[in-house]
Amino acid sequence: MRLDDLNCIRCGLCLAVCPTYREILSETASPRGRAALARKGLEGELELSPNLFEQMYACFDCLACNDICPVGIRPADLAVEMRAVQEQLRPAAWKKTLFGGLIPKPRRMEFATLPLRLYEKLGLRRLVYALGLRNLLPRQLRDMESMLPHLPQRPLRQALPEITEANGKTRYRVGFFLGCAQSLLFAEESAATLRVLARNGCTVVTPKATVCCGMPALGYGRSDLAQEQARHNIELFERAQVEVNVTDCATCGSTLKDYGHLLADDNKWAARAAAFSSRVRDVSEFLMSIPLEKPQGRVEARVTYHDPCHLRRGQGVWQQPRALLQMIDGLEFVELPEADWCCGSAGSQLITHYETSLKVLKRKTDNLASTQADYIASGCPGCQMQLNLGVRRQGLDVQVVHPIALLDRAYRQESEVSRLRRNQEISHSTAKRKNDG
Ligand code: SF4
Ligand code: SF4
């Protein structure tokens, strides 16, 4: 990090877009404050104390300040870089264990999350709700339970074939990066992604040995571990010999697109990482770049859309998911006020900065309530879980879905539509025969 790059002109533009500043109203919780703390800390004017680093961890990494700063300070990146500085000064052993030994090991993660799947599979969850036992949990734990979607019986990684053939002729050979949360928590949505890709002429290769994209390690200052994960994933996708690397997770997508930058100083890997990143696409981005077949089925629902920060600002993808939803007949699209305002998830903020996370979420769900939507779509598992919680806390009758799940539903309705049409044609011709007779 170059200190010359930290010449903040104190214009205050970033204060208006920062979710933590808007809730806490303290300079140290703002992008400008964090930039000042970083500069003074690195110049030796302030002690690099745990309190200083705490302000860096209190950033939600929503990237809004990066976009608005007129002199290119990029306070969001700075907060993450400062976490890495802390790791160099005082490495925490638990981070190596968590981000190096558990999260990037798919089998261990599947084992660690088994109790959650059993909780759903054995009907315990239904029982806990029916008997009101949830209310006995401490508030934060109860909220964490509310975030959980309906959990799959088994991780998608185990259920998926390595190759999913295109329906009909192969037009594209696509690599699918199955994210950890998608496999463990949102398996049905990623299964929908594969159906939609196959429906549109893609033969999809899903390398089973992929590991975490690296975002959790990066977010906790361990870029060295994220680099190891990146090298592993790049090698796998090179072997798959695909034209494009698709993901349906906004966080994974923004990290995979950044592998070129992450490994830029590694002579052996820089070019390979840049080539890999250049082929990464969010699923909505990819689908809207090909001649996508309009679904013949309908989804009769009022739908709004929340922009994941790491999709809209991290990847510049915001028109494509909206366009994709608006292709569906029967679907009434309604724009969410402040759709690109952070939802308060930011990975683990509900655990580490509970009160602020809830306040940021409340702003989102107030906006959601004003739309009177039946569904809120969003292509990020973290946002979806946070929105699940918001909907339950506010008692809204809204379902949280991935946009691709609605598109998949419209495709799957096609067979129903053609069955009805066939029945109609048969009854018309029977009636005509009777009349003629
Ligand atoms: S990334 Fe978001 S939360 Fe963090 S300082 Fe910038 S605007 Fe605030
Ligand atoms: S927008 Fe940039 S220059 Fe303006 S106060 Fe914020 S960090 Fe400083």
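# Pairing, packing and ligand shells

Student: Which residue stands opposite Arg 173 in E3?

Tutor: Thr 203 stands opposite Arg 173. Keep in mind that this is a predicted model.

Student: What makes E2 and E3 a pair?

Tutor: Pairing needs at least two bridges between the strands. Strand E2, residues 172-176, and strand E3, residues 202-205, share four bridges. Four meets the cut-off of at least two, so E2 and E3 pair. The sense is parallel.

Student: How do you know that E2 and E4 pair?

Tutor: Apply the cut-off of at least two bridges again. E2 and strand E4, residues 244-247, have three bridges, so they pair. Their sense is parallel. Val 174 has Val 244 of E4 as its bridge partner.

Student: Why is H2 called oblique to H5?

Tutor: H2 and H5 pack at an angle of about 45°, with their axes 9 Å apart. That angle makes H2 oblique to H5. Under 35 degrees would count as roughly parallel, and 65 to 115 as roughly perpendicular.

Student: What is the handedness of the crossing of H2 and H5?

Tutor: The crossing is left-handed.

Student: Which residues of H2 and H5 make the contact?

Tutor: H2 brings Pro 31, Arg 34, Ala 35 and Ala 38. H5 brings Pro 75, Leu 78, Ala 79 and Met 82. Residues count as in contact if their C-beta atoms, placed from the backbone, lie within 7 Å.

Student: What classes does the contact of H2 with H5 have?

Tutor: Seven residues are nonpolar, none is polar and one is charged. Arg counts as charged, so Arg 34 belongs to that class.

Student: Which residues are closest to ligand 1?

Tutor: Cys 18, Cys 59, Cys 62, Cys 65 and Ala 76 are the closest of the 16 residues around ligand 1. The shell as a whole has 13 nonpolar, one polar and two charged residues.

Student: Which helix gives the largest share of the shell around ligand 1?

Tutor: H5 does, with three residues. Helices H1 (19-24), H2 (31-43), H4 (64-68) and H5 (75-89) each supply at least two.

Student: Which residues come nearest to ligand 2?

Tutor: Cys 8, Cys 11, Cys 14, Arg 32 and Cys 69 come nearest, out of 15 around ligand 2. Arg counts as charged, so Arg 32 is a charged member of this shell. By class, the shell has 12 nonpolar, one polar and two charged residues. H2 provides the largest share, three residues.

Terms used
Residues are numbered from 1 along each chain as its sequence is written. Chains are lettered from A and ligands numbered from 1 in the order in which they are written. This is a predicted model: local features need pLDDT of at least 70, side-chain atom pairs count only at pLDDT 80 or more; totals for chains, interfaces and linings use all residues. A residue is near a molecule or strand if its C-beta atom, placed from the backbone, lies within 6 Å of it. Axes are lines fitted to C-alpha atoms, for helices over the stretch in contact, and angles run from 0 to 180 degrees between N-to-C directions. Angles under 35 degrees count as roughly parallel, over 145 as roughly antiparallel, 65 to 115 as roughly perpendicular and the rest as oblique. A crossing is left-handed if the near helix is turned anticlockwise from the far one by less than a right angle, and right-handed if clockwise. Two residues are in contact if their C-beta atoms, placed from the backbone, lie within 7 Å.
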